[in-house]
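Below are some numbered remarks on the model, for use alongside the coordinates. They go from the overall fold to single residues.

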Amino acid sequence: MSADLEHIRQIMREADCLYTEAQVEEAIAKVGAHITREMADTNPVVFCVMNGGLIFAGKLLTHLQFPLEASYLHATRYRNETSGGDLFWKAKPEVSFIDRDVLIIDDILDEGHTLGAIIDFCKHAGARKVHTAVLIDKDHDRKARPELKADFVGLPCVDRYIFGYGMDYKGYWRNANGIYAVKGM
């Protein structure tokens, strides 16, 4: 069942812009430069976590100035809801990464359940080393694994329900050209 489009439009009208398009693009360029410095000689497999990581990964890949193999995986806890449940694999990686460095690109490090499970999957499946890049690192004390930190972070974020640049509100507004917070959430 699709969401009420008027409600979806109202969410955007009332949202607070936390980061403009220019601020996000600048952060992506900085992350790309940092990853290039750290990983240029590793011949990595780069996985985009679908659907949230799609926009960040697409923009970030153009800033990675070295050879790499790109693929995707799809694991989610949200399924177009505003709170997460159990991890659900929609598509596991199809590119071999045995004895290779892996870079996982995702939209957000929130509580870390999804990213942590993906990291564990890659390690157990033979990755030499797993690196992580997230556009947003949400600031709160509810991390599933307090020791889980992304290797490359675009922007910090307050503890609110956010959307834009790949992150969604009930399946909508992934295409928003900034990072927005839902009013009251």
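1. Four helices and nine strands make up the chain (DSSP runs, H or I of at least four residues for helices and E of at least two for strands, numbered from the N terminus). Their order along the sequence is α-β-α-β-α-β-β-β-α-β-β-β-β. The radius of gyration is 16 Å, close to the 16 Å that the globule rule gives for 185 residues, so the chain is as compact as a globular protein of that length (C-alpha atoms are used, and the rule is 2.2 Å times the number of residues to the power 0.38).

2. On provenance: this is a predicted model, in which local features need pLDDT of at least 70 and side-chain atom pairs count only at pLDDT 80 or more, while totals for chains, interfaces and linings use all residues. Residues are numbered from 1 along each chain as its sequence is written, and side-chain values use heavy atoms, with hydrogens and water left out.

3. Of the 185 residues, 46% count as buried (under 20% relative accessible area; exposed is over 50%, partly exposed in between; 1.4 Å probe, protein chains only). Among contacts between residues at least 6 apart in sequence, 68% join residues at least 24 apart (contact means heavy atoms within 4.5 Å).

4. Helix 3 (residues 54-61) has Phe56, Ala57 and Leu60 buried. They cover an arc of only 95° around the axis, which puts them on the same side of helix 3 (the arc is that of the directions from the helix axis to the C-beta atoms). The buried residues of this helix pack against helix 2 (21-39), strand 2 (45-50), strand 5 (101-109) and strand 6 (129-138).

5. Within helix 3, leucine 60 has a relative accessible area of 0%. Leaving aside residues up to four places away in sequence, leucine 60 touches Ile28, Val31, Gly32, Ile35, Ile105 and Ala133. Its C-alpha atom is separated by 9.5 Å from that of alanine 33, 27 residues apart along the chain.

6. Some backbone geometry deserves a look. The peptide bond from methionine 50 to asparagine 51 is cis, with omega near -10°; asparagine 51 lies in the loop between strand 2 and helix 3. Most residues other than glycine have a negative phi, and most peptide bonds are trans.

7. Which loop holds tyrosine 165? Tyrosine 165 is in the loop between strand 8 (162-163) and strand 9 (179-181), and lysine 170 lies between strand 8 and strand 9 too. Tyrosine 165 has a positive phi of about 50°, and lysine 170 has a positive phi of about 50°. Tyrosine 165 is buried at 3% relative accessibility, whereas lysine 170 is partly exposed at 34%.
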